[in-house]
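Please look over the sequence and the structure shown below before reading on.

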Amino acid sequence: MTTGEEQRKHAQAGSFGAAADAYERGRPPYPPEAVAWLVPEHATTVVDLGAGTGKLTRALCAPGRAVVAVEPSAGMREQFSQVLPNVPVMEGTGESIPLPDSSVDALVCAQAWHWVDPERAVPEVARVLRRGGRLSLVWNLRDVSVPWVAELDRILRDYAAAPTEDRQVEQVGTLFGLVERQDFHWCHPMTAEGVMAMVASRSYVITLDSASRNELMGRVRDLLDAERPTTMPYTTECYRAELGQL
Ligand SMILES: C[S@@+](CC[C@H](N)C(=O)[O-])C[C@H]1O[C@@H](n2cnc3c(N)ncnc32)[C@H](O)[C@@H]1O
């Protein structure tokens with residue numbers, strides 16, 4: 001990665017707090033069958049890393065389970081605490097997790113692993129997991145095989161430099177061994193306003209200059225007026241690996 005690309009990635013990684021409200025309104029949850037695949041049923045201590053506003057965290061909470069969120073952005077943590085006032089949310093990153101060694105059964109990172117530096121984050125996650133503990137990674141990806149969703153993506157690409165497509169999953173194998181993958185296809189009920197909020201919450205839209213952002217939002221509005229969508233199709237891409245299975 002060039003220095004310019006690194007600087008842009010850093011700015012985008014730190015941008016989410018500025019649109020935490022749009023994030024909460026516009027981003028999808030995670031389907032229960034994906035969450036069941038990601039997190040072992042017996043896990044009693046679970047960390048949501050890069051928890052944002054708690055979109056995944058709410059699905060992790062279960063009787064007899066302690067859930068802790070770790071999130072670097074103050075704006076996201078504030079929104080998180082409004083939505084999930086009973087779940088602790090700590091300041092931290094994948095490279096520096098504020099938890100003791102061998103204290104966690106499972107750590108899930110939703111829509112955020114592409115922001116970490118895997119050389120530092122993989123050993124840090126291994127440090128906080130108990131032996132046999134699980135690291136799970138998940139992304140909700142819009143299904144661009146649907147024509148209006150493909151058009152939405154084209155508009156986004158016209159204006160915004162999307163962050164690297166590299167989800168950095170293969171680096172996990174350096175300490176965790178076999179990485180399993182499973183995809184889940186589903187549709188999220190969504191109004192046009194919800195799609196607008198989803199677009200406004202993208203890191204690469206937040207960091208655009210305001211003239212370009214307004215123009216982009218206008219084109220998205222025109223598309224939505226023409227298409228009148230009621231759902232957003234997603235593929236939820238899931239990965240899991242266990243510590244000590246080398
Ligand atoms: C796209 S949001 C995902 C939020 C939430 N997990 C979800 O699924 O909706 C990405 C999150 O990663 C956080 N983030 C950025 N850099 C990070 C890092 N190095 N370690 C952990 N989280 C990071 C951002 O602050 C943001 O809240």
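## Residues around the ligand

A residue counts as near a molecule if one of its heavy atoms lies within 4 Å of it. In this predicted model, 21 residues are found around the ligand, and those that come nearest are Tyr 23, Tyr 30, Gly 50, Glu 71 and Ala 110. Sorted by class, the shell around the ligand is made up of eleven nonpolar, six polar and four charged residues.

## Polar contacts and cover

Which atoms of the protein lie 2.4 Å and 2.6 Å from an oxygen atom of the ligand? At 2.4 Å from a ligand oxygen atom there is a polar side-chain atom of Tyr 30, while a polar side-chain atom of Glu 71 lies 2.6 Å from an oxygen atom of the ligand. For Gly 50 the backbone is involved, with one of its polar atoms 2.7 Å from a nitrogen atom of the ligand. On its own the ligand has 590 Å² of accessible area, and the protein covers 96% of this.

## The sheet and a helix across it

Seven strands, in the order 3-2-1-4-5-7-6, form an open sheet with mixed pairing. Strand 3 (89-90) and strand 6 (180-189) each have a single partner strand and stand at the edges, so one side of each is left without a neighbour in the sheet.

Strand 1 (residues 45-49) and strand 2 (residues 66-70) run parallel and are joined by five bridges; Val 46 has Val 67 in strand 2 as its bridge partner. Helix 6 (residues 118-128) lies across strand 4 (104-110) and strand 5 (129-142), and runs at about 130 degrees to strand 5.

Notes: Residues numbered from 1 in each chain as written. Predicted model: local features only at pLDDT ≥ 70, side-chain atom pairs only at ≥ 80, totals over all residues. Heavy atoms only, no water. Polar contact = N/O pair within 3.5 Å; in protein donor to acceptor, adjacent residues only side chain to side chain. Areas by Shrake-Rupley, 256 points an atom, 1.4 Å probe, with all protein chains shown as cover. Nonpolar A, V, L, I, M, F, W, Y, C, P; charged D, E, K, R; others polar. Pairing = 2+ DSSP bridges. Helix = DSSP H or I, 4+ residues; strand = E, 2+ residues; numbered from the N terminus. Contact = heavy atoms within 4.5 Å. Axes fitted to C-alpha atoms, helices over the stretch in contact; angles between N-to-C directions.
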